[in-house]
Amino acid sequence: MGESFKNLISSKKGTQYIVTLVEAASKEAEEFRDETPTETLERFRKHMNSLINQYATVMELEPTRARDMVKDSLKNLGLIKESTKELDLSGYVRAIAYIKDLIYEQN
C-alpha cells in the first residue's frame with residue numbers, strides 16, 4: 001500500500017479529502033502524472049473560482065458579490081488574511097470543500 005494511502009487511513013476523524021478519479025491510460029491520466037506542483041495549484045485555483053461562480057448562480061448574486069462573500073468567509077475561517085492568492089494546496093482543498101458545502105446547503 002502506498003504511503004499516501006496509509007496517511008489517508010490514519011488521518012484524524014473529520015479530515016476532508018478531494019479525490020479525482022481518471023480513467024487509466026487516458027489523456028487526463030497522462031496530464032495528471034506529468035503535472036507540476038505549480039500546475040496542480042493552478043488547477044485547484046480554477047476549480048475554486050468555478051465553484052464560486054456556481055455559488056453565485058445558486059444564490060442569484062453577481063459573481064463579484066459572491067466572490068466577496070466567500071472571501072470574507074475564508075477570512076473568518078482563518079484560511080486567508082486578504083487574498084485567495086495566499087492559499088496553498090491544503091488551503092484550496094479546504095476552501096473548495098467549504099464552497100461545495102455552501103452550494104449543497106442551497107440546493
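The backbone nitrogen of A29 lies 3.2 Å from a polar atom of the S26 side chain. S26 sits in the loop between α1 (3–9) and α2 (27–33); helices here are DSSP runs of H or I with at least four residues, numbered from the N terminus. With a relative accessible area of 11%, S26 is buried (buried means under 20% relative accessible area, exposed over 50%, partly exposed in between, with a 1.4 Å probe and protein chains only).

The model is predicted, so local features need pLDDT of at least 70 and side-chain atom pairs count only at pLDDT 80 or more, while totals for chains, interfaces and linings use all residues. Residues are numbered from 1 along each chain as its sequence is written, and side-chain values use heavy atoms, leaving out hydrogens and water.

Beyond its neighbours within four places in sequence, Y55 is in contact (heavy atoms within 4.5 Å) with A66, M69, V70, I99, L102 and I103.

Salt bridges (a side-chain nitrogen of Lys or Arg within 4 Å of a carboxyl oxygen of Asp or Glu) number 5. One of them joins R33 and E30 at 2.4 Å, N to O; these residues are 3 apart in helix α2, and are therefore separated by about one helical turn. R33 is exposed at 56%, whereas E30 is partly exposed at 35%.

How values were computed
Helices (H or I, at least four residues) and strands (E, at least two) are DSSP runs, numbered from the N terminus. A polar contact is a pair of N or O atoms within 3.5 Å; within protein, one must be able to donate a hydrogen and the other to accept it, and residues adjacent in sequence count only if both atoms are side-chain atoms.
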